[in-house]
Each structure stands twice: as structure tokens, then as C-alpha cells.
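Subject: Handing over the model we discussed

Dear colleague,

I am passing on the structure below, and after it you will find my notes on what I found. Please read the two side by side.

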Amino acid sequence: MAVAAYFTILKIMKTKISIYFICLAFLSIFFISCDSNDPEPVSELDNYTILAEQQIPGTTLTAKIYQENDSLFVGYNRLEIVLTKAGVKGDYTDAEIVLKPMMDMGTMKHACPIENPVAGKNIEGVFGGAVVFVMPSGDMGSWMLTIEVKDDETEESGKLDLPVIIKMPEESRMKSFSMGTDKYFVSYVQPSEPLVGINDFEVTVHKKATMMEWPASGDFTISMEPEMPDMGHGSPNNVNPVLTADGHYKGKVNFTMDGYWKINLALTIGDQTQAIDFDVTF
Amino acid sequence: MIHMKTCLLSLLGICLLALPAGAQTPFLDSIGRPDYVAWEYQLDEVVVEGDHTDMYNTALRYYKSDPLSSSDEVMEKLAGIWAIKRGNYALEPTLRGLSAGQINVTIDGMRMLGACTDKMDPITSYVEPNNLQEIHARPGANGFQSGSTVGGSFDMQIKRPSLSDENPWTGSFGSRFLSANNGLEALFNTSYFDQKRLAIRLSASYRKGENYRAGGGEIIDNSSYNKVNYAASATLLQKDGGQINLSYIGDNAWDIGYPALVMDVSSARAHIVGLSYDKPFHGGKFNYLTSKVYYNHVDHVMDDTGRDVVMHMDMPGNTSTFGAYATGYYAFGDKFSGEMKGDFYHSAAYAEMTMYPDESSPMFMLTWPDIQRNVAGYYNRTTWKINKFSSATGGLRLEANKAAMKSELGERQFSVFNYGTPTGGKILVNANLGFEHIFRQYFTARASAAFGQRMPNESEQFGFYLYSAYDGYDYVGKTTLDPEQSMQGEIALRFEKDKISIAITGFYYHFTQYIMGIYDPSLSPMTIGAQGVKVYDNLDNAQLAGMESQIGLSIGRLDILNISKAVYGKTVDDEPLPLIPPFKNNLNLALHAGTSWHIYGEVEASTAQRRINEAFGESDSPAYCIANARLEKTFRRGHASLRLSAAVDNIFDTNYFEHLDWGNIPRMGRNIQFSVFVSY
């Protein structure tokens, strides 16, 4: 009885006025969404600054050296080097490149940690390497970055001497400390463009063995805690950096908002712990 | 102590008065009447029509129907409704202890979202009794006409132009002064009907208050406000009986203080537009259609420049909602009648926060990261009149409801919590079944059962570090929340005979997936000085039980109305459910001398609340009792009347607060009011 009544009512409504139709129309508007994200391909090097573009004396090679930032600074500087060879089309990778940075302080000289460029490390066909400058250029002395290149095909080799100006960044990107008899240098690598959300976090640790030898150190256990000093709060679910290779430690740092953050790190070997921090503002 | 005596005397009074049930007079027609399980409150300014058939509304008029009262004053008095107070402005309604996303607050059936992440602007604050026709409160899962719910609905019906065929021009204007906050209020409204096709109504209200004086003399800083509300409504009558109505309400409030919060509000603005079409049908099974399309927008700006703060913050927010609905009423023979409704709305909510530390760069985050919601629903209610004494009613609502964050920054903000895939669209089901029987003409019993579901609201699902000054915690939404569900049972008994009307309702709600903020010790609070962070989560279950009663008596020239309400709640761990108000009683007396002199008295009392959830951050609230009185004199000439009234609220200058008041800030002390009201 009730059911029959109900259907009759529906019928009446359909003919008389289309309420029912309106209801259906409302329902059909639901769950409509469209996403259109077509990222345009961009070459990663477009965002880099050219440090130098020179022919390598004694070879038929030309090197185009890119730096990640506008200027070189105290800390971890990623360098990308594109080699081209006269008569060979495209990028040339059959070569070896060695980086030799040197600080001349008049009475003494010292080098700094380096990661010699390897073809295809970050970008296909491009030699990716890094220099960790440990002090700025200035009254104390000046930096010379020597790049030695050997063409494996022809066995020819040559070098470039590039005088470079190393700046002290506004927010320190390298911290050093002594532990026992050793002096360590911790450099901030990532996030280079911090964003709210989950960020890859990466630091390198190097040890000063001699004035000329600055090997990577994989001996540390690192714990990390970001905080917003102005508010006194942190963020959840960070992942402590762990050693991946060559003194690189990788983890995840989470930022809940824009602003000034301090990333606190505690580096431990055995029973000795050193606390350092990096400031990040975005 | 004096107020304790007052309370005892008042209770004694009502006991004595409850005894006789004398001669025949028309009766209390409107206690919880017309609509199924709904309470309908007529707020129209019944400017003393002489007889007091509608005693409940006469009592309401004590405060409630006074167009000069604020909507806060109105709703606080109603059965089953408590108000959450954060300042001397914009109280938030709770139905049987349920609020915010658990209930649907609508204006003329229109969905609308307050634009403040700290709930400073419940949408009840954007209308004025000056443009309110009625309030329909339908507590519990039965109130799902305008949306899926577990807690019920609260609909404020807007006034339309008068279609009086006696007088083309009608209207009123008035003003009120309040001593406790040097408050000044003024309003006017006017309605014109060309006696053929067109009717227009214009109205405006202005309110301002300074910092108020609490009981005992303390001045509550940051409790001032200023507000202007303006409305226009035009009705076009069709030859076939149809009515097209276009209405607009604008509300503009500024420099509003919130003593319980760390910030004030520099501006809160709303625009509400609705276009409706109504048409009666004759002779068919289908007898009435009402439909509407609407849009509203709210802009809300918080401000801390008046406060001594560690760090300046900006917290603007805005919401927009557009939607439409159409309801058709039908009757099939004498046995079946009901309504069917289709509705849809889209809402968008955005709020951000920028903090300015003295020496480093500004900090920015999205507190409501562009949350967009699409809802479409279908509702049907059918009442079956089984025989002369019995009827059964069944209702069903199916609703598709989907909310999502449209901001990429918001998504990244939430990525740090590792919640996983956010809850997508859901089909929600609400259903109820009720049975009503009339015994011996005077006595009506009704039993109903209902099942309700509701989606988490914007803050519960996507709110980002929203500070609650009630418990001192930052709240973080959880994108993966499930809908809250509730099974409910309700029994209502009513006795009506001659001069007595008694209505008692008892209810029991069993919740599953109950949504509540749970302290998460692994998160550090963002707000300086906050106790910690709570993340919303679905609790296994929670229970709520309670009662309301409304007792009305009419003895000669005296009308008495007593409204009682109580709720009891517990969580799955047998802990008290937080934010549950204690027992509250409002006793109203109205004495009418002829048709021109009226004396009203009210005693409002609340027990202490000691069932508190300490883990939630609640504290005990003491009992209180206050008394109010008003004297009114009306002069008449033809259609026009002049009403003068003098009133004293909180006569004994009691220092008190209610359990749901934030910050335990005392309410207004003795408040002497004078008002003038002219209608024509």
C-alpha cells in the first residue's frame, strides 16, 4: 500500500513538475573534478650559473663549468662540468676530471674537501662533482680552483686555474668542530630550496687529515630535530640522516610552515656527541 | 545567597501553580508543535494582540521575541539549546551538547560556513531577530532535512514582506539602551505591499556595546562590539498563486572583542542572497513546492593589535557557499502525507595565518587550505496516519558528500603527518522512524529511532594548528577521518489539557566513530603557550543521554513556562564526554494586566558541572542562579502602537559563568535596559 502510494506520487511529480528531475540534476553535478598538469621539460642546467667556459690547454677539449648557486660559498658547492671535444658531436664523457682547490694564505696553503666529478652522476652526459670550501676569500687569503682534465681517448691532459671568490653565506652552510684530535666539517647539502612539507635532508661530513687531505667521514650517527625558534615548536615525523656514501648522510626534514627554522643536529661517535645547527629561512 | 532563595521560591511557586487545572481557555499551542519532532519558535513581533492564546510565545517574548534582543539572547533560552560563549557577541548554538560539525545551522535552509577558524562567527551571528521569522530546532539525527547530521538542525527562517491586505505600509522601529555595557541598539523595518503583485521589505539594525561590567563590578576587557545588519526582500506574486522572492542580508561587524581568546576581530562581513520560488497546488496529490537558489560569502579578519602579544599575527579567513534546494509537499488521500527534497551545495573555506616575529622573517601557513566541499542530497519523509489516534513517520536522506583540500601548500603542510590518502567522497545515509499515539485526547506519546551520519567538518579534517582557547590546545585535522555515526532513540510525552501543557523528551544517542581531538604527545604546539597538540580522531564509541521538559501553565492573567534541559555523556573509556553542559532551568512568568501592562520575570538556574574530562583540559563549573524582570506598557492608536519597556537582567548582580563559556569569563552583571518600540 505504502509502496504503491509512493510510486504514484513519483509519477505525479514527474508529470506535474519536475522536482524529481531537479534532484537528479543536483546529484549528477557531484563528483566532478578535473586535473591538468602537463609539466614542461626543462634542462636542469638552465637554473645553474656558468662559472667558466674555457678550452683546456694541451687538449682539444672545452670545459663549461656550472655552479648550482649564483656564487660559490663556504660550504658544499655542487659543480657540473660539460666537456665538448672538437670534431665530436654532443657531450664528451671519455675523460677524467680532478678538482684541486687551494687556499693561499701567504704563510701557508691548504686545500678543502672535494668530490671529483663523475660523468652522469647527476645529469646524463655531465660530470657531477663538488667542492666544500672551508673558509671565505678575503684578507686572510684567496682561493684558486684548479681543474685537471685528461682525455682518455688521446691521453692528452691539461688544466685550468680558476681564481674563485668564496663568499660567506648569510645563513651558515658549514659548521666545524673538533672531536678528540680530529677536526670535522659538516656541510648542508639539502634542501637547497626548502618547502613546507617533507624535504630531503642531506649533509656531508669531512675530516681534516692534513692540510691537503680532507677525506669524507662515515663514522657518525646523526640525530636531527628541526624547530622554529620564534615559536618554540618543531615538526613531526622527521627522519634522522644516515650514511649513504662518501660522507653523505640523508634523511627527511619536515617543515609545517613558512618562516625561520633551525635544524638541530647531534653528531655522535661512540660516547662523544657534538651539537650543531643550520638556519633555514623561506 | 539571595539568589539561592530566589530559586527556591521560584521552584516552590511552580509546584503550587502546577496543582490546579481550572477552567477552559485556549491553550499553549506551540510547544514543540507543527513539524515532526521539531520545535518551532515564532519570533515575529507579536506586538500584544490582546489575547494570549500562544502562551509559549508570550513567554518567549519576554526576551526572545523582542526584536531588540540579539539572536544570542533568543537562542539561549530555547529547550535543548545551550550557547557557547567566547565574548559578548556571536554565541554558538549547541543542541543537546552537540555543536559545530555535528549540527546543521542554516538560514532559511541555506547552508553557510562561518569564516573564522576559531569559531568566532557562528552563522547565527549574521542574522538579527529583526529579520527572523521563526527558529526551527530539530535536535538529534531526526533533523536531517537540510543535511546529514548526528546532532540535528537549527534553521533560522527569514522574514518576508508582509502581505497584509489591510495596510499597504507596515513596519516598526525601536531602540534599546543597556547599562552593563553602555550598549545601544536601534532597528527599523518597513514593508510595503501594493495590494496586487509586489511587496517589499527593508530593515536595518545597529548594535554597539562597550566593555561590559560583570557581576560584582569587574570590567571585562576586550568585550566590546559594533554591528550593522541590513536586509531587503522583495516578493512578486504570480497570478497562479506562486511567489517569487529575492532577499538579501548584509551583516557588517567590526572591532569585536573576544575576552576568552587571544585575538579580537577587526571585521566580520557577510552577504547572503537567496532567490526562492514557492507555489501551492490545488486539487492534486502534490500540494506545495518551495525552492531556492542561494549564495553567501563571509569575510573575517582577526586582529591582535589591541592585545599585549608576544608576536603579532594576521589571521584572515573567508568562505563562500552556493546551492539550491527544492522541496515538494504531498498528500495522498487522508492516510499519507510527506515531503521530498533535493538539495545541493558547494562551499569553499580558506584561512591563513601570518606571524611576525620581531627579528626574523614572517611565518606563514594555511589554517584552512582552500577546502572545497560538494554535497548533493535527496530527502524524503512520509507520514502514515494509521487511524484517528496513531501515526507513523519514516524519513530517509541519502547524501553524497565530498570535501578536499585544493591548495598544494596545504597538501604539503599535511604531508608531514604521513596520514595517507585523504578520505574521499562518501555516501551518507540518515534514516528515522517514528510512531505517535494520542491517548484519551490529552496525552500524546511519541517514540522514534534514528540513524545518522555526518562528515567531519572543515577544521576536523583539514584544520591546521587551530588554537582552542577553551582547553589551551592546538588542533590538527586528520584528512583520513571517517564519518561520525549515531544510533538514537527518543521518547516524547505530552500532556495538554485546558491550562496545562507538559512536554517531556528523553533521548539516548550511541555514537560510533565519534570525532574528538585526542592529545598527541609527539607533536609540539605551534601557538606560544599552548598545552600541546590534539589531533582529531574517530573514537570507537561515545554515548549521550538527556532530557528536556517544557511545562506551561496559564492561570488567569499569569502565564508560566518552565524549560529544563540536561545532558549526560561518556566516552568509550567511561570518561565524561567533554563540552557537556550541566542541567539548566529557565522559569518564565508573564503577568498581563489588561492588554497594555505586562510584567515578565525569569529565573535561570544551572547546576554545577563536575563531570568533566580533565584529559581534554576541562575544569569544573559552579552552579548559578540569576533572576531577570521586565515591565512593559503599550499604547495603541489604530494600527499603530508604542511600547515602552524597562528591564533588569541579573537583578542580584551575580558573578557567574556557564560551563560552555570559554575562559570562565563572568557574564554580564546587573543590566538595566530601557527600550522604545513603535510599530505601525
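What percentage of the 680 residues in chain B do buried residues make up? The figure is 55%, and please keep in mind throughout that this is a predicted model. The secondary structure of chain B comes to 5 helices and 30 strands, and among its contacts with a separation of 6 or more, 66% are between residues 24 or more positions apart.

One element of chain B that I looked at in detail is helix H4, residues 408-415, whose buried residues are B:Gly410, B:Gln413 and B:Phe414. They lie on the same side of H4(B), because the arc that they cover around the axis is only 90°.

Turning to the sheets of chain A, one open sheet consists of 5 strands in the order E1-E2-E4-E8-E7, with antiparallel pairing. Its edge strands, each of which pairs on one side only, are strand E1 (49-55) and strand E7 (114-119) of chain A, and neighbouring strands are turned against each other by 20° on average, direction ignored. Within this sheet, strand E4 (residues 75-85) and strand E8 (residues 127-133) of chain A run antiparallel and are joined by 7 bridges, and A:Gly75 has A:Phe133 in E8(A) as its bridge partner.

Another open sheet of 5 strands in chain A has the order E12-E13-E14-E18-E17, and here too the pairing is antiparallel. Strand E12 (174-179) and strand E17 (239-245) of chain A are its edge strands, and the twist from one strand to the next averages 30°. Strand E13 (residues 182-190) of chain A is joined to E14(A) by 7 bridges, with A:Glu202 in E14(A) as the bridge partner of A:Gln190.

Definitions and conventions. Residues are numbered from 1 along each chain as its sequence is written. Chains are lettered from A and ligands numbered from 1 in the order in which they are written. This is a predicted model: local features need pLDDT of at least 70, side-chain atom pairs count only at pLDDT 80 or more; totals for chains, interfaces and linings use all residues. A residue is buried if 20 or more other C-beta atoms lie within 10 Å of its own, exposed if 12 or fewer, and partly exposed in between; C-beta atoms are placed from the backbone. Helices (H or I, at least four residues) and strands (E, at least two) are DSSP runs, numbered from the N terminus. The arc is that of the directions from the helix axis to the C-beta atoms. Two residues are in contact if their C-beta atoms, placed from the backbone, lie within 7 Å. Two strands pair if DSSP finds at least two bridges between them. Axes are lines fitted to C-alpha atoms, for helices over the stretch in contact, and angles run from 0 to 180 degrees between N-to-C directions.
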